[in-house]
Amino acid sequence: MNHSSNAASAPSDANLMLRIGLTLVCVLVFAIIGLILADNGTDFTMRVHGTIFVFAAGAAGIALLSRYGNYFQNPAAAVGGAAKGYNLSIVKAGVIMSMFWGLVGMTVGVVIASQLSFPELNLHLPWTNFGRLRPLHTSAVIFAFGGTVLMTTSFYVVQRTCHARLFGDVLPWFVFWGYQLFIVLAATGYLLGVTQSKEYAEPEWYVDIWLTLVWVAYLIVFLGTIWKRKEPHVYVANWFYLAFIVTVAMLHIVNNLAMPVSLLGSKSYSLFAGVQDALTQWWYGHNAVGFFLTAGFLGIMYYFIPKRAERPIYSYRLSIVHFWSLIFIYIWAGPHHLHYTALPQWAQTLGMTFSIMLWMPSWGGAINGVMTLSGAWDKIRTDPVIRMMIVALAFYTMSTFEGPVMAIREVNALSHYTDWNIGHVHSGTLGWVGFISFGAIYCLVPWLWGKKELYSNKLVEFHFWIATIGIVLYITSMWFAGIMQGLMWRAYTDFGFLQFSFIETTEAMTIPYLIRLLGGILYLSGVFVMTYNLWMTARGPQNAETPYRAIPAAAE
C-alpha cells in the first residue's frame, strides 16, 4: 500500500517540478526581453519600460522561489497542501490595490480639475501638464481602480458561487500582478508623453501586447474555475463577469491593431485610418463603457446586493432577460459618438437607435437590484453599505437615461464636445461605478479579515453623504457648464458672425469649474475616510471566524 501511494505521488512531484521550471523559464525570458529593451531601446520611454520589466521579472522570480522553496525541503507537503480551500490571499491583495489606485486616480482627478481653474498649477513642466495628467486620471480610475475591483470581486465571486478554488496555482497571481504591471507601464508612458491618442486606449503597442497576454490568462483562470465547479448552476453574476472579460478582449485586440515603427521603439501606427479608425475607436470606446463599466459592475451588483441584504435576487427570469438583451444591444451603440462626421448617416442612425433601445435592459437590471430589497426596505435606513449600493443603482438608472437622450442627433448637436459629456460620464463613474465598488469592498474587508462588522458604520455614513454631495455638485455644475457652452458656441449675430469668442466661453466656465473642483474634493475626502475605516477594521482584533476559508465539504 505504501509503495503504491509513493508511486502515485511521484507523477505529481514531477509535474510540480516541471511547472516550477517552466514558470521560472518564462520569467527569465521576460527578464531578458526587458534587458534588451532597457539597453537598446530607441527612445527614452522604451528604455524606462524595459527597466521596469527587468525589475518586475526579478520580483516575480524572488516570489516564485520563495513560494516553492518549501518544495525542496518537503515535496509531499508542497504537493498536498497547494490547493486546499479558497484562494482568498489574492482577493485580499486586490482589495488593498483597489483602494491604493482609487486614492491615486481620484487625487490626480482633483489636481487636473484644479489646473482648469488655476492654470499655473500645470507648473510649466511637461510631466505635470493637463494634457498628460488627464489620461493618467481616466486610466487610473477606470482601469487601475475599476479594473482591479472587477478582477478582485470576480475572483471572489466565482470561487464562492462555484464552490471551487481559483483555477491554477501561479496563474491567478500572474493575472493579478501582470495587470498591475500594465497599469504602471501605461501610467509612466502617459507622464513621459507616449500615447496612441485613442480615448481609453492610450498605451502603445508593446503595452497592449502585454495586456493581451494577461487578459487571456484571466479568461483561462475564470473559465477554468467555472469548469471545475462543484455547484451545477452557474450564477448570473458570473455571466456578467464572463461577458465583460470576453468582450473587452475582443475590443482591445481589434482597436489596438497597429504596426510598430521599430521593435525597439515605442511609436506605432494604427492599422485603421480616417473614418474607419474613428468608427473602430468608438466601437471600442463606448463598449469599454458598456462591458467594462457596466456589465462587469453588474456582476458585482448581482452578488453583493443579495448577499448584503440576505435576500434572493428579485427575479432570476428578469436577470436572464437583462443579460442577453444588454449584451446584444450594447455592442451596436458606438456610432452615436460620431454624429455630424464623415461616418455614413445610416451608421449614425444605427448607433442612435440602439442607444435608445438600451433604456429597457438597463432599467430592467436596475429594477432587479433595487427590488431585491422587497421585504427588507428598512435596511436602506439601518445599513449605510446597502444604501450606498442602492444609490449606485439610482445613479446607474439616471446615467443610462441620460446617455440615450444625448445619443439623439438633435440633442447631440448641443451636447457634443461640451462639459455636459463630462458631467454624464462622472454621474456614471462616481455614482454607479464608485458607489457599487465601495459597497463591495465594505462587504469584503470584514469577511476576509475575520471581523463581525466594520470599524465604524458612522464613518460609512459620513463617507456616503460627503461623496453624494460631491457627486451632485460635480454633475450639476457640468450640466450647467455644458449647456451654456453649447448655446454660446451656436450663438450668431444678426450679421452671421459668431457672437462669442472661444475665450469668452472659457471665461464663462469659471464658477462651474470651481464648483466641480469642490465636488471632486468632497468625493476624494470620502475615499480617504473609507481607507481609514478599512485600515482600522483590518488591524483590529479578530472577533469572528474568518468565513469561506474552506470549500464546503458537501460540495466536494
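Relative accessible area, computed with a 1.4 Å probe on protein chains only, sorts residues into buried (under 20%), exposed (over 50%) and partly exposed (in between). By this scale Phe30, at 25% relative accessibility, counts as partly exposed, whereas Trp210, at 7%, counts as buried.

The model is predicted, so that local features need pLDDT of at least 70 and side-chain atom pairs count only at pLDDT 80 or more, while totals for chains, interfaces and linings use all residues. Residues are numbered from 1 along each chain as its sequence is written, and side-chain values use heavy atoms, with hydrogens and water left out.

**Aromatic pairs**

A pair of aromatic rings is described by the distance of the centres and the angle of the planes. Rings of Phe, Tyr and Trp (its six-membered ring) pair if their centres lie within 6.5 Å, and the planes count as stacked under 30 degrees apart, as edge-to-face over 60 and as tilted for the rest. The structure holds 39 aromatic pairs. One of them joins Phe30 and Trp210 edge-to-face, at 5.3 Å centre to centre and 90° between the planes; this pair links distant parts of the chain, with Phe30 in helix 1 (residues 2-40) and Trp210 in helix 7, 180 residues apart. Helices here are DSSP runs (H or I, at least four residues) numbered from the N terminus.

The rings of Phe244 and Phe292 have centres 5.4 Å apart and planes at 85°, so this pair too is edge-to-face. Phe244 belongs to helix 8 (residues 236-255) and Phe292 to helix 9, 48 residues apart. Phe244 is buried at 0% relative accessibility, and Phe292 is buried at 2%. Both residues take part in a cluster linked by ring pairs, together with Phe143, Phe155, Tyr179, Phe182, Trp215 and Tyr218.

**Salt bridges**

Side chains of opposite charge can pair when their charged atoms come close. With a salt bridge taken as a side-chain nitrogen of Lys or Arg within 4 Å of a carboxyl oxygen of Asp or Glu, the count comes to 4, including those tabulated here.

| Salt bridge | Closest N to O distance |
|---|---|
| Arg134 and Glu199 | 2.8 Å |
| Asp383 and Arg308 | 2.8 Å |

Arg134 lies in helix 5 (residues 130-162), and its partner Glu199 lies in the loop between helix 6 (171-191) and helix 7 (205-227), 65 residues apart. Arg134 is partly exposed at 26%, while Glu199 is buried at 19%. Asp383, in the loop between helix 13 (378-382) and helix 14 (384-407), pairs with Arg308 of helix 9 (residues 274-309), 75 residues apart; Asp383 is buried, with a relative accessible area of 13%. Arg387 lies in helix 14 and Glu461 in helix 17 (residues 457-489), so the pair ties together parts that are 74 residues apart in sequence. Arg387 is buried at 10%, whereas Glu461 is partly exposed at 24%.

**Packing of helices 16 and 19**

Helix 16 (residues 419-449) and helix 19 (residues 510-539) pack at an angle of about 10°, with their axes 11 Å apart. That angle makes the two helices roughly parallel, a class that covers angles under 35 degrees. Axes are lines fitted to C-alpha atoms over the stretch in contact, and angles run from 0 to 180 degrees between N-to-C directions. The contact (heavy atoms within 4.5 Å) involves, among others, Phe435, Phe438 and Trp449 of helix 16 and Tyr513, Tyr523 and Met530 of helix 19.

Note on methods:
Parallel < 35°, antiparallel > 145°, perpendicular 65-115°, else oblique.
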